[in-house]
Amino acid sequence: MNRESLIRFLQQGGLPMQGVAEEIAGQFAEKEIPKHAFFLQAGQISDEYLFLQEGCLRAFAHDTEGNEVTTHFYQAGQVVFEVHSFFHRTRSRENIQALTDCRGWVISFEQLNGFFHAIPAFREFGRSVLVKGFSGLKDRMLGMITETAEERYKKLLGQNPQIFQHAPLKHIASYLGITDSSLSRIRKEFLQK
């Protein structure tokens with residue numbers, strides 16, 4: 001596995017200088033996460049910042065009745081970490097589990113924090129990643145309020161079609177905030193259009 005996609009990701013996020021991006025990428029370690037294995041389990045402190053090069057992961061939490069509720073899907077080219085636990089050094093309430101065999105590059109909280117303090121351009125990169133993540137979260141939250149289930153399904157299908165190849169429908173349904181039977185009905189209606 002080579003680091004080219006990681007270097008490109010760093011450059012696109014605010015580290016335009018090739019040498020700086022290569023130096024930082026060189027500090028990331030290779031990580032493999034087999035299908036069904038956990039990258040993070042509830043109760044642990046999120047200590048690894050993962051750039052996902054291959055595969056798909058799912059974040060989920062348990063509701064008050066013990067049901068799994070999917071909170072996010074991660075795909076290749078994205079960073080994976082539980083932001084609250086990672087930055088506040090608290091135990092995570094979320095799980096992150098591999099839906100497929102995954103490969104990527106990780107760096108620890110301590111190493112990442114060192115870059116934030118030592119390399120001003122890396123702070124811009126970090127800000128860019130957090131703004132993009134916060135914006136996506138806000139859009140998802142508002143979508144749950146202002147969009148119909150059909151609109152949310154159509155948006156997910158347009159933005160992340162590969163999720164439907166890797167995630168069981170029950171996980172997709174919980175992510176969309178609907179029942180499995182509602183998702184089946186919506187999918188059937190879309191196929192008939």
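Axes here are lines fitted to C-alpha atoms, for helices over the stretch in contact, and angles run from 0 to 180 degrees between N-to-C directions. The model is predicted.

Stop 1: Start with helix H1 and the strands under discussion with it. H1 lies across E3, E6 and E8, and runs at about 120° to E3. Now select the sheet itself: four strands in the order E1-E8-E3-E6, open, with antiparallel pairing. Strand E1 (29-33) and strand E6 (79-80) are the edge strands, each pairing on one side only. Then show E3 with E8; these two run antiparallel and are joined by six bridges. To find one of the residue pairs, select Leu50, whose bridge partner in E8 is Val106.

**Stop 2: the largest nonpolar core.** Display side chains for Leu10, Leu15, Ile24, Tyr49, Phe122 and Phe125. These have the most contacts inside the largest nonpolar core, which has 25 residues. Two or more residues each come from helix H1 (4-12), helix H2 (18-25), strand E3 (48-54), strand E8 (102-108), helix H4 (109-118) and helix H5 (120-146). Apart from this core lies another, of 16 residues, with Leu99, Ile163, Phe164 and Ile186 among them.

Centre the view on Leu15. Which residues does Leu15 contact, leaving aside its neighbours within four places in sequence? They are Leu10, Val20, Ala21, Ile24, Ala121, Phe122 and Phe125.

**Stop 3: H4 against H5.** Select both helices. H4 and H5 pack at an angle of about 120°, and their axes are 5 Å apart. That angle makes H4 oblique to H5. On the H4 side the contact is made by Leu112, Phe115, Phe116, His117 and Ala118, and on the H5 side by Pro120, Phe122, Arg123 and Gly126.

**Stop 4: strand E7 and its partners.** Select strand E7 (residues 95-98). Both faces of E7 are covered: Asn95 and Gln97 on one side are buried, as are Ile96 and Ala98 on the other. Strand E2 (residues 38-40) pairs with E7 in the antiparallel sense over two bridges, and Phe38 stands opposite Gln97. E4 also runs antiparallel to E7, joined to E7 by four bridges. Ala59 stands opposite Ile96 in E7.

**Stop 5: Arg58.** Move to Arg58, in strand E4 (residues 56-62). Is Arg58 buried or exposed? With a relative accessible area of 2%, Arg58 is buried, because the cut-off for buried is under 20%.

Show the surroundings of Arg58. Not counting residues up to four places away in sequence, Arg58 touches Glu68, Thr70, His72, Phe73, Asn95, Ile96, Gln97, Leu99 and His171. Two of these can be picked out by polar contacts: the side chain of Arg58 makes one with the side chain of Glu68 at 2.8 Å, and another, of 2.9 Å, joins the side chains of Arg58 and Thr70.

**Stop 6: H8 and H9.** Finish with helix H8 (residues 169-176) and helix H9 (residues 180-192). Their axes come within 9 Å and cross at roughly 95°, which means that H8 is roughly perpendicular to H9. Select Leu169, Lys170, Ile172, Ala173 and Leu176 in H8; these meet Asp180, Leu183 and Arg187 in H9.

Definitions and conventions. Residues numbered from 1 in each chain as written. Predicted model: local features only at pLDDT ≥ 70, side-chain atom pairs only at ≥ 80, totals over all residues. Heavy atoms only, no water. Core = buried A, V, L, I, M, F, W, Y, C linked by side-chain atoms within 4.5 Å. Buried < 20%, exposed > 50% of the residue type's maximum accessible area, 1.4 Å probe, protein only. Contact = heavy atoms within 4.5 Å. Polar contact = N/O pair within 3.5 Å; in protein donor to acceptor, adjacent residues only side chain to side chain. Pairing = 2+ DSSP bridges. Parallel < 35°, antiparallel > 145°, perpendicular 65-115°, else oblique.
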